[in-house]
Amino acid sequence: MKVLFVALVAIWSALTFVGVIWVLPERDADRGMIAAFWEMSDLPAVVAMERAYGTWHYTEYGQQPPRFAESSENAANDPQRLEQESRFRRWYNDSHDKPLSSVVRLVWATDDNPARRQQIQLFRRWYLQNYGEPIDVVTDPASRDTREGAQVTKPVIQSIGGAGADLLETYGPKQLEAMVRSGIALDVTDEAKQHGFEYQRCFDAGWSSFVYNSRQYGFPANVGYTVLFYNKAMFEAAGIDAPTGGWTIDEMRDVARRLTVDSPDIPGGRRWGIFGMHPWPMALSNGGKFFTDDGTRCIYNSPQTVAAFQAYLDLMYVDHVMPSPADTASMAAAGGFTGGGSGGLYFASRLCAMTIGGRWEYATYAQTNFQRVIEPALRRAAANADDDTGATIDRIIAALNRDILTPMSDADLALIRTSLTADDRARLLRIGVAHVPTVDGRIKYTDVGARVAMVNRKSKHRQEALRFLQFLASKEYNDRINGAFDSICGVIEYCTDAGGISGPPQPLPGLEDFDSPVFVQAMDGAESQQLSPFIGPERLGFLAGRVMDQLMNGRIGAAEAARLIEDQVNNQIQANVNRDPELKAKWDDLTAGAKR
Amino acid sequence: MSAGGSSSRKRLIVAWAFLLPNFIGFAIFTAGPVLFSLWMAFTDWSLTKHNELTNRSPSFIGLENFRRILWGDESHFFWTAFYNTAYLLICIPIGIAGSLLVALMLNRPIGPQRSATKWKGVAIALVIGMLAAGSTYLVMHPGPVPTREAFASSAAQIQGEQAIQVTYQQVLERHELDVRSAKAVAMLFLALGGITAIGLGGGVVVFRTIFYLPSLLAGIALFLLWKSLYKPTGGAINELLRPACDWMQGAVTSTPAGLWYALGVAVWIGASIGCGWLLLVSVRKRLDGDFGSLSLVGSAMAVAAIAATGLGVGYALCQMPARSLFATGYADFSTEEAASIRADLRAADTGLSEAEINLIFDTLGESIQPRLLGESLASSINAEAKAQAAIARVMSRATPVREGFAAGEGLQPPRWLVDERWAKPALILMGVWTAVGGANMLLFLAGLSNVPPELLEAAEIDGAGTWRRFWNVTWPQLAPTTFFIVIMSTIGGLQGGFDQARAMTQGKYGTEVLTYYIYNLAFTDEFQLGLASAVAWAMFAVIFAMTVLNYGVGNRALND
């Protein structure tokens, strides 16, 4: 019995050891790097490398290896490619001081998705091209907080504890302020000037997301406002002209009324005219200011704010053209237990005719069209096509299933178009892009959305991380952002091309307005978020958020909401000032100056 | 040194060797952080201000954090969170009572004991389950999918080929959804039949397992399940409530208002009489020595429950004629309000002449809707800023009312998790459901198995009925178990609520409990670790006081 026990413990220990050695470390972590070498086979350094590898390969296997360019074209899981990678890895590790898997690996606290993987691969190639060395980047999606305006809890705690990512990600001025005040964000002003990624190259509406007290703390990975998407088929069917330029809430309301349809056959019983208008940006775009210029006082209770709040309430509770929070909680476009979802999902499910959304949602719409319409149509076409065409269609389907943002050639796109019947085309989600309406009809955007990469002051790879920011300012990266519908790029010069967005490949049918000038126009003359040094952004969001919830649920009126927010924020400012001598001195100074 | 001393020392060393790992772990991972948080509670530590990177250290500020939360600038948030936590404690007595009831039910054999009868029961349960499943499927199935032509002719509201095509696609999706729903409900009945059959065949153990199943599910799965059930539209609970609401609406509109007021008052009177009677009986029994302290506490809780229910139901009945129970909108201005607003507009700088203002009001007639008045002002006043100011004046006087019912859309069921009045009851309901079949039920079952059968037998021989046997034998015998459950549940209740609030409401709509407040302070609101620690220690003080109180009352009850 004792022997059996000891044997079991020994087996368990051995399995654990094997697990630790083989499973826990990321196996084949250098595959991206090998791919980067192969994809950059034109570089002189890589040409020399290929020659040396060829000599070694001939000695080892008695034959020349396939060319780098050929190897890179094989599918990732192709057995031949895996074998080639294995041989290349052996050669590299034998002929260099350190193995390929031990090159500098930056950790980027961002989400992991096909677009991001493309960008990382682009960086590996760009780095090889510009610095002649391999480098790797891995994403750490768990170490970021995606909610715009939310506190950056994980990054702050991890970074102070010394376990933060090399490259941190923030959204908006509130998160920037937290990172700077915590001392986590590295001031990159001087390096930016030296290496050409200074903030002046970007849309000034986005500066507040990475510039603090005139110092630069990062570089935008992308920028963009949420604009208004509309369903072209619904507009055409109702005989409504697409809105061009600025338009008023009243005009939008009339359109939404005509597009709101009640029918027991529609999931939820109603197709809403509009989804996703929010009182906060509505008030700001109507001229309602949150703070005085010096930030000493909240002045939110203004006629502009009240009018915007009222317009918002009317859309839900008087006109019934926009779902209330209760209606939204009942809408489950995804069909899961989420109790709701994003406006993009509702729009894709045609539960609303218009929605407020960002350009990044094009990927969702492309997926919707592909799954519901394009793939079935292609499969029908393949069944009746000759072998060559059938093979082409299979390739297209496989490529789009792997990555919906795969650039399409003109020939492939033509094949997709001819495969669609009239019924298919009617079922396509065709998206139009327009400006978000405002109370007075002027084009005005506030609260820019900028996804900013910043360098952790405690990063062990500061130099490489700074080069990553340099990469974010490169043409290659910015063209990729535009092409992958990842919002729009942050650098002005790469963003505009005859008033539209430069660089994207051909989009799938239904998404033809991908390069609408609206996306870029939104950035012109936009205003940054207002913050006050006398109240923390999270407390501000908490106080205002509670009142906003009551407003949105129709529990209080517009005027009361504006008054409550202003009173509560001013009370909190007073409490903060009274408690903190430094803050009080600053407040006294500013208010005395104002009186003078 | 003697051999005995050496052996004793050796035993001591061995004992310490076994105990030390646990002590070290406790000191490092529990006692250390707890004491550290006590120190933090007396500092102004904010992680964003005081850390290694900013090179600043926190300062000792004495009791300032406690002053702030108890009566300073944070007191409003602290006491709100405290109130929310206390409110949610309602589910504890209800859950305990439910657990006891279920334990009593599951403490005796269920179903027929004879083998032949048992298997007959199993067969009947299976047949009933299958019949229910089949008939439900037939009733719920939406029938054949409508053709596009049939849909186009029925949906006259939708004009144009394209629009019909776009909407028809939704009809197809809806049809598929309905078919799936019919299948799901049929499967549910089939499963119920199966479970009953297994229960009848397997006996009480099966039912005990089924009741305990919710406790085996991960909390977050339960929360998401309930979140789905609580959906205002399409959620299972509201879909069940909707016919009742429709019936009630019909009853309200066809019944004189006085009757509802009378009903409300009758409920109040009934509740008052019930409370009075229960109090009198309890006091008399206490004086006679029949009631111990625990029984007295139970009676007091019953009185409170009857009073609260009576008040609530009575109030709801009185509100019926006002038709203002559930939905939302704006009330028309009364004549007096309209006159006051008219005077206000005359005094304000609107740019309108008195005649123009009079014209607007005359055109709108007697019942003035706030929004219509706002629209009229907007179209009449030329200067934009002045128009907005005038609209703001009007809307600031508008009173939110529950419009859905008044607008004839039917009495709406609660909006549960997105409504401040219903979010807490929703969490309580879920908590009771989870608690009834949980660990408390198992503890009561264990307690019941320890009740000496001879006592129950003796009581039965003395002529005691079921209630008497429970009240005079079982319940006193369960006192130690109840005491333990009350203490643990109270501690758990005061510490809990975070997971539910985080997953279901994000702490909104009055569900920010003390633990959620601590989380917000420490990890989102400028990382105020000092203040958050003070709240945690204040919470500890409350829990400690409650536990001491429970011990005091409980010990007395046990001694009685």
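Helices (H or I, at least four residues) and strands (E, at least two) are DSSP runs, numbered from the N terminus. A:Trp38 sits in helix 2 (residues 31-39) of chain A.

This is a predicted model: local features need pLDDT of at least 70, side-chain atom pairs count only at pLDDT 80 or more, and totals for chains, interfaces and linings use all residues. Residues are numbered from 1 along each chain as its sequence is written, with chains lettered from A and ligands numbered from 1 in the order in which they are written.

A:Trp38 is buried, with 23 other C-beta atoms within 10 Å. Buried means 20 or more such atoms, exposed 12 or fewer, and partly exposed in between, with C-beta atoms placed from the backbone. Beyond neighbours within four places in sequence, A:Trp38 is in contact (C-beta atoms within 7 Å) with A:Phe68, A:Ala69, A:Ser71 and A:Ser72. A:Lys586 lies 548 residues away in sequence and 58 Å away in space, C-alpha to C-alpha.

Domain bounds come from an automatic or database domain assignment.

| Domain | Residues |
|---|---|
| Domain 1 of chain A | 226-277 + 322-444 |
| Domain 2 of chain A | 281-308 + 532-596 |
| Domain 1 of chain B | 1-33 |
| Domain 2 of chain B | 41-108 + 416-560 |
| Domain 3 of chain B | 115-202 |
| Domain 4 of chain B | 329-401 |

In chain A, the C-alpha centres of domain 1 and domain 2 are 38 Å apart. Seven residues of domain 1 of chain A touch eight of domain 2 of chain A. In chain B, the C-alpha centres of domain 1 and domain 2 lie 35 Å apart.

In helix 3 (residues 75-88) of chain B, the buried residues include B:Phe77, B:Phe78, B:Ala81 and B:Phe82.

Definitions and conventions
Contact = placed C-beta atoms within 7 Å.
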